[in-house]
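User: I would like to go through part of a protein model with a few questions. Please show it first.

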Amino acid sequence: MTAAEQQVDVVIVGAGLVGSALARALAKSDVRVLLLDQQAEIPHYSGYSFDPRVVALSPAATRFLDHLGVWQEIHQERACPYLGMEVWDGEGNGRIRFSNDDLHRDYLGHIVENSVVLRALRRDLENQLELRVPLAVTAWSQVGDLNHLELSDGTSLVAPLLIGADGAHSQLRGMAHIPVREWDYHHQAIVTTIRTQRSHGFVARQRFSHQGPLALLPLQRDERDPGDYCSIVWSLESPVADEMQALDDAAFCQSLTRTSESCLGEVVWADQRFCLPLWQRHARDYGRAGFALVGDAAHSIHPLAGQGVNLGLYDARALAEEVVRAKARRVPLQHASVVQRYQRRRQGHNLMAMAGMEGFKQLFGSALPPLLSLRNRGMAWVDGQSWLKRWLMQAAAGEF
């Protein structure tokens, strides 16, 4: 290490939701953290304007955010609880309804805009650790048991532990030559905010069809809000998604009304639409000695059940606990056991979630009559099994 190189305990590349949450968790201990990202600005939405990107936070995720000291701020700014979930087959009569009353709880989860969570995580973060934006890694090498980084501003860093939280197209994952299993769904997700004729009633809804699922996630500006805004995630085969994107606003709203089966009446307005290609990715390893991947850098999942960010936050919680544990036991952070323990805790759970989503995707992506009949009978059966619905809700809440 030269005199010009700055040394810290942990460098986190990627200051999105997962990277910022991990940084806050580590900053609560005596770990010296440096967080950097190529993006500096965090958008702000208010009034009738909502961030088109939202997350469905599970109770386990909100508990973690509460532990980090930011959940109260998020909740006060703008977070919409959902008290129920309704899932149905648009090509049959199968339907499952979930309610917070089944678990004797106040809510099942919260729909929150990405930007709201990120602002809360990043606010005052500079007072707890070093945050450097906009900045990129231009070179990385592992010399001995230390990571050496060259940055786009010409400065250098040295750290025993480097963490890639830089998203699905992770630069660090590529630089580390970690193989990824991935496949293209040949679907795109249309995301936007809509206004509907009737109130959502604080229920998250999802309609399945062989063309792809449509999710209507409740939004709420404030306590006086009548509840007529929803965020949508509409997964469609790529050619169909392109057709939907080409429609004018009135035609798009009409198509969305038909696809949603008018469950909230007419769709009367839609904000600007964004279209995202859908892939599933999973890194063969979540890192190696002195290097770890978290969140979308390690795994990205179909948005079918809105679990992607939750899984990433669970990664951040687990890795932070392993780093703090190693420091307390005087285990060097570059020791292979730190990342190995993290991987053992998270890889199996993530793979199980991804397999479950892939199973749902294949089951509901088929228009074959035998499968159509099977899945509708199955949904009707599940809806009648209160014990199974409780188990499913607890799993979605991150309690297993």
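Analyst: Rings of Phe, Tyr and Trp pair if their centres lie within 6.5 Å. The model is predicted. By this rule the count comes to six aromatic pairs.

User: Are the ring planes of Y48 and Y229 stacked, edge-to-face or tilted?

Analyst: Planes under 30 degrees apart count as stacked and those over 60 as edge-to-face. The two ring centres are 6.0 Å apart, and the planes of Y48 and Y229 stand at 50°, so the pair is tilted.

User: How many residues apart in sequence are the parts tied together by F50 and Y229?

Analyst: The ring centres of F50 and Y229 are 5.6 Å apart. F50 lies in the loop between β3 and β4, while Y229 belongs to strand β17, so the parts tied together are separated in sequence by 179 residues.

User: Is Y229 buried or exposed?

Analyst: Buried means under 20% relative accessible area. The value for Y229 is 4%, so Y229 is buried.

User: Which residues form one aromatic cluster?

Analyst: Y229 pairs with Y48, and Y229 also pairs with F50. One aromatic cluster is formed by Y48, F50, Y229 and W269.

User: Which residue lies over the face of F252?

Analyst: F252 is one of the buried residues in helix α7, residues 249-259. What covers the buried residues of α7 includes β17 and β18. At 4.2 Å from the ring centre of F252, the residue over the face is R273.

User: At the start of α7, the backbone nitrogen of which residue does a side-chain oxygen of D248 reach?

Analyst: A polar contact is a pair of N or O atoms within 3.5 Å. The side-chain oxygen of D248 comes to within 3.3 Å of the backbone nitrogen of A250.

Notes
Residues are numbered from 1 along each chain as its sequence is written. This is a predicted model: local features need pLDDT of at least 70, side-chain atom pairs count only at pLDDT 80 or more; totals for chains, interfaces and linings use all residues. Side-chain values use heavy atoms; hydrogens and water are left out. Buried means under 20% relative accessible area, exposed over 50%, partly exposed in between (1.4 Å probe, protein chains only). Helices (H or I, at least four residues) and strands (E, at least two) are DSSP runs, numbered from the N terminus. Contact means heavy atoms within 4.5 Å. A polar contact is a pair of N or O atoms within 3.5 Å; within protein, one must be able to donate a hydrogen and the other to accept it, and residues adjacent in sequence count only if both atoms are side-chain atoms. A charge sits over a ring if NZ of Lys or CZ of Arg is within 6 Å of the ring centre and within 35 degrees of the ring normal.
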